[in-house]
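The sequence and structure are shown first.

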Amino acid sequence: MIPTLEWLPNGVNFLDQTKLPLEETYVLATDYNQVATVIRDMIVRGAPAIGVSAAMGVALGVSQSTATDIASLNAEVATISDTLAATRPTAVNLFWAIQRMRDRYNALAAANTPIPEIKAALIAEAQQMYDEDIAACKAMGAHGAELLPQEGTVLTHCNAGALATCGYGTALGVIRAAIERGHKIDVFADETRPYLQGARLTAWELLHDNIPTTVLCDNMAGALMRQGKIQAVIVGADRIAANGDTANKIGTYSVAVLAKEHGIPFYVAAPLSTIDPATPHGDGIPIEQRAATEVTHSNGKQMTPNGAAIQNPAFDVTPAKYITAIITEHGVLRAPYEQSIAQMAAEATTKRELTTA
Ligand SMILES: CSC[C@@H](O)[C@@H](O)C(=O)COP(=O)(O)O
């Protein structure tokens, strides 16, 4: 399995996704501030992986605390949480994971649990979230596999794979599951400018599993759809509003509109921790703006003339009307999404799977 991130006795170890596909190197974060940097700098990225990384950051920070009384530890937990929450604004899994860790901490503190036991319990909670993430990806695969064609080409945008999760992937997990069930699928991976998640990461991890993969420039999908060369589209998500509007990597919206125009199903695969019932519709989703240099430079080389104005929104919102179905670990959601999401949210709240932040 591709080791995206791992809890170690001396910190959290991350596969450095900025170096892929040419180098497989690791970055060991030995304190929670370093975990925050790893998330902000996209050494680890992808909504579910960001969430579990933040949970491990909370566990790491608390485990290293020298506080001897609960009031001091409370203050440290708040600082650790705020630091990790300030890294990336769009993926709601980040806030969901931090809140889950805080809820666990608060329950332990309220029960007068000794500090060493609190530390051990938070490490165990983060490790459990890691295991649950892989299980959720496998369940999404099981629910979504039969939606994909028996034979054909599936387009994906960005990287919603093992590298974006603790393993197996959301959108790529569904593709993996379909192939494991005998579907003959090859993948078109949009390159996904400017960070090139598709060209660098999706292609790398699919080829690692011997899944036939073709990298497309971001402007090729329409022409290939028109030629009948794409049978389905599947992507991940960073935040799904209560009405089904879905934030995902910039460029997803264009692909969804093209898919609808060509009568091609457009699927979103995401765990319940990506659903944000507190945000009624997509206009309320915060969109991260990243540095202009990600657009102006490629591999250290300047690509644009000095003085050119630059836009670099990292995500866009695909209105629910373009989404054929949302595949979760608990089943497949269909329109009207207000109802199907609310129903699944009600079932999940009792199980603490949904964001309450
Ligand atoms: C299973 S990952 C789903 C999304 O997080 C993914 O599609 C995406 O947009 C990732 O963006 P990134 O900026 O690389 O973190």
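Domain bounds, as used throughout this report, come from an automatic or database domain assignment. For this chain, that assignment gives domain 1 (5-139) and domain 2 (141-349). The centres of the two domains, taken over C-alpha atoms, are separated by 25 Å.

The model is predicted. Its chain has a mean pLDDT of 96, and 98% of the residues reach 70 or more. The scores of the model are ipTM 0.99 and pTM 0.96.

**Contact between the domains**

Across the boundary, 26 residues of domain 1 are in contact with 34 residues of domain 2. On the side of domain 1 that touches domain 2, two or more residues each come from H2, helix H4 (92-110) and helix H5 (115-144). Of the elements on this side, H5 gives the most, with 7 residues. By class, this side of domain 1 divides into 17 nonpolar, 5 polar and 4 charged residues.

**The ligand shell**

The ligand is surrounded by 18 residues, and the closest are Arg45, Ala47, Ala164, Gly236 and Lys249. Helix H2 (47-63) and strand E9 (246-249) each supply at least two residues of this shell. Both domain 1 (5-139) and domain 2 (141-349) give residues to the shell, and the ligand therefore lies between them. The composition of the shell by class is tabulated below.

| Class of residue | Number in the shell around the ligand |
|---|---|
| Nonpolar | 9 residues |
| Polar | 6 residues |

**The annotated position**

An unreviewed UniProt entry places the feature "active site" at Asp238. Where in the fold is Asp238 found? Asp238 is in the loop between strand E7 (232-235) and strand E8 (239-241).

Is Asp238 buried or exposed? A residue counts as buried if 20 or more other C-beta atoms lie within 10 Å of its own. Asp238 has 32 other C-beta atoms within 10 Å and is therefore buried.

Leaving aside neighbours within four places in sequence, Asp238 is in contact with Ala47, Thr90, Ala91, Ala247, Asn248, Thr274 and Phe315. One of these contacts, Ala47, is also listed among the closest residues to the ligand.

**Summary**

The predicted model places the ligand between domain 1 and domain 2, within a shell of 18 residues.

Key: Residues numbered from 1 in each chain as written. Predicted model: local features only at pLDDT ≥ 70, side-chain atom pairs only at ≥ 80, totals over all residues. Near = placed C-beta within 6 Å. Helix = DSSP H or I, 4+ residues; strand = E, 2+ residues; numbered from the N terminus. Nonpolar A, V, L, I, M, F, W, Y, C, P; charged D, E, K, R; others polar. pLDDT = per-residue confidence, 0-100. UniProt positions renumbered as here; feature names shortened; annotations may be inferred. Buried ≥ 20, exposed ≤ 12 C-beta atoms within 10 Å, placed from the backbone. Contact = placed C-beta atoms within 7 Å.
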